[in-house]
Amino acid sequence: MRILILGCGWIGEAFAAKLLREGHEIYATTTDSEKYQRLQAAGIFAIKANFEEEIHLKNFPPEVDFVLNSIPAVKRLDWARLDARFTAVKQLLIQLRYRKHIYLSSIGVYPDQDGIYSEESSIASEGNKLLFAEELMLELHDTVVYRLGGLFGEQRIFAKYFQSKVCTTGAQIANFIHQTDVVNLLDAGFKQRLSALRYNLVAPDHPTKKDVIRASAAKYDFELPSAFLDENSFQKLVIGDKISNELAYTFAYPSPLDF
């Protein structure tokens, strides 16, 4: 198979490594010169491409089996730049032939307030840059959106970011997912039929962030926070069983306590 990865970040590289081991042909874009060299050294056809600048179609394969799109809709971008970025992505993909396109979004699309959120939850569109990017990408054919929870695995260990610091979010619910499960769900999502347009990707268990910090600190020998002050304790629960039920998928890491 031939796969194109747009914006080859942490998840993209992990997914590419799996595909390379299986003997597939991988093309991947990056804006970073060092990463460009690393991707090439790994056996990936690297492409320097900044979707806020001119994109040269000749640098891309005219036909691929699958497209993994992880171009980010970052909050710091103003609306004009955001629109230009995703319009450029859309125009590129219109000119390529592919079987399926998965766009990586985030559960940050849901508001940070008390509530239980599923793919069917109503979301206010005003000021929601993630939703804006999703809607633009869903105008493309054969497109599915994966809304990723907090990403951990390998060197991304939750406790590491709170060593000797005051944690004010410990009472919040953890809507996390391990890198391994994201890669597996990408692989399954490309190979199997998906019936919906959007899926939440979060581990089925939702301990508090305080408990995740304590568990990962003990497991990886990190210092605990200097204090837990539950100042930001809204209870936002994101449900992610839709995709696991549809694909009959069993999580490798069902609980963030085991990341």
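Predicted model: local features only at pLDDT ≥ 70, side-chain atom pairs only at ≥ 80, totals over all residues.
Residues are numbered from 1 along each chain as its sequence is written. Local features need pLDDT of at least 70, side-chain atom pairs count only at pLDDT 80 or more, totals for chains, interfaces and linings use all residues, and side-chain values use heavy atoms, with hydrogens and water left out.

**Exercise 1.** Describe how α3 and α4 pack.

Step 1. Locate the helices. Helix α3 spans residues 79-94 and helix α4 spans residues 129-137. Helices are DSSP runs (H or I, at least four residues), strands are E runs of at least two, and both are numbered from the N terminus.

Step 2. Take the geometry. The angle is about 25°, and the axes are 10 Å apart. Axes are lines fitted to C-alpha atoms, for helices over the stretch in contact; angles run from 0 to 180 degrees between N-to-C directions.

Step 3. Classify the angle. Under 35 degrees counts as roughly parallel, over 145 as roughly antiparallel, 65 to 115 as roughly perpendicular and the rest as oblique. The pair α3 and α4 is therefore roughly parallel.

Step 4. List the contact (heavy atoms within 4.5 Å). From α3 come Trp 79, Leu 82, Asp 83, Phe 86, Thr 87, Val 89 and Lys 90. From α4 come Lys 129, Phe 132, Ala 133, Leu 136 and Met 137.

**Exercise 2.** Decide how well α4 is covered, and by what.

Step 1. Set the cut-offs. Buried means under 20% relative accessible area, exposed over 50%, partly exposed in between (1.4 Å probe, protein chains only).

Step 2. Count. Seven of the nine residues of α4 are buried, so this helix is mostly covered.

Step 3. Name them. The buried residues are Lys 129, Leu 130, Leu 131, Ala 133, Glu 134, Leu 136 and Met 137.

Step 4. Find their partners. They pack against β4 (66-69), α3, β5 (100-106), β7 (143-148) and β11 (198-201).

**Exercise 3.** Examine phi at Glu 154 and Ser 164.

Step 1. Recall the background. Most residues other than glycine have a negative phi.

Step 2. Read the values. Phi is positive at Glu 154, near 50°. Phi is positive at Ser 164, near 60°.

Step 3. Glu 154 lies in the loop between β8 (150-152) and β9 (166-167). Ser 164 lies in the loop between β8 and β9 too.

Step 4. Glu 154 is exposed at 53%, whereas Ser 164 is partly exposed at 47%.
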